[in-house]
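This report describes the fold of one protein, the packing of a pair of its helices, and a set of annotated residues.

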Amino acid sequence: MADQLPTLSRLLVQNATWARDVKPDFLEQSARGQQPHTLWIGCSDSRVPESVITNSRPGDIFVHRNIANQLHLDDINVLSVIAYAVDYLHVQHVVVVGHSECGGAAACLGAAQSLNYTGPSQTVPDHPADHPLNVWLAPLTELVASLNISTLDKKEALALVVEENVRRQVDNLSQTPTVKHAWERGQKVSIHGWVYDLSTGLLKDLEISRTG
């Protein structure tokens with residue numbers, strides 16, 4: 001615990017500096033409520049902080065992040081975030097964002113290419129099938145196993161997996177009850193798929209946007 005204190009103390013000091021330097025009227029406005037224009041569904045990777053890489057301010061983006069930017073249709077967590085963002089905050093856009101060198105995607109790729117692969121429960125072979133990581137990554141491993149990547153080198157294969165993962169999650173997003181109902185009642189909410197490149201700092205639009 002003692003070794004962690006300098007790191008945590010630094011975070012608190014940096015927070016105090018930020019709070020001191022930010023304009024008081026911004027904090028007052030922020031305390032009154034939020035009106036984000038976008039819901040960001042991204043990966044938990046520490047290298048992909050949505051507000052930083054889009055140069056946005058607190059209050060601009062509502063956020064849900066998880067391992068490998070998954071959107072499982074039976075995940076009450078992400079479904080509740082989507083419902084709150086669309087039905088109550090009235091966001092105009094929902095964006096699924098993957099990124100290069102994704103550890104979750106790489107694990108699924110490695111499992112799918114393994115000579116011993118017999119099913120998605122083997123994504124992380126060091127853990128049992130019911131381990132949270134294996135349960136969580138199983139759908140993505142199944143997706144990877146269905147792709148024709150045998151002729152690609154490792155870097156190309158991973159890039160393809162990252163993009164195909166985003167495409168699948170955008171498709172899942174379009175099937176969520178909240179989005180379907182929003183479109184049925186004519187609410188203006190669009191869904192999109194992007195990929196962030198860690199080496200360039202740039203976001204790529206996969207041009208798979210959908211509007212009801």
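## Overall fold

Along the sequence, the protein follows the pattern α-α-β-α-β-α-β-α-α-α-α-β-β-β, with eight helices and six strands. Helices (H or I, at least four residues) and strands (E, at least two) are DSSP runs, numbered from the N terminus. Along the principal axes, the C-alpha atoms occupy a box of roughly 60 × 55 × 35 Å.

The model is predicted: local features need pLDDT of at least 70, side-chain atom pairs count only at pLDDT 80 or more, and totals for chains, interfaces and linings use all residues. Residues are numbered from 1 along each chain as its sequence is written, and side-chain values use heavy atoms, with hydrogens and water left out.

## Packing of α4 and α8

The axes of helix α4 (residues 76–88) and helix α8 (residues 177–184) come within 9 Å and cross at roughly 20°. Axes are lines fitted to C-alpha atoms, for helices over the stretch in contact, and angles run from 0 to 180 degrees between N-to-C directions. The crossing angle therefore makes α4 roughly parallel to α8 (angles under 35 degrees).

Ile82, Ala83, Val86 and Asp87 of α4 meet Thr178, Val179 and Ala182 of α8, where contact means heavy atoms within 4.5 Å.

## Annotated residues

The UniProt annotation "binding site", from an unreviewed entry, covers Cys43, Asp45, His99 and Cys102; such annotations may be inferred rather than shown by experiment. These residues span 60 residues in sequence, yet no two of their C-alpha atoms are more than 8.9 Å apart, so they gather at one spot. One of them, His99, lies in strand β3 (residues 93–99).

Technical notes
Angles under 35 degrees count as roughly parallel, over 145 as roughly antiparallel, 65 to 115 as roughly perpendicular and the rest as oblique.
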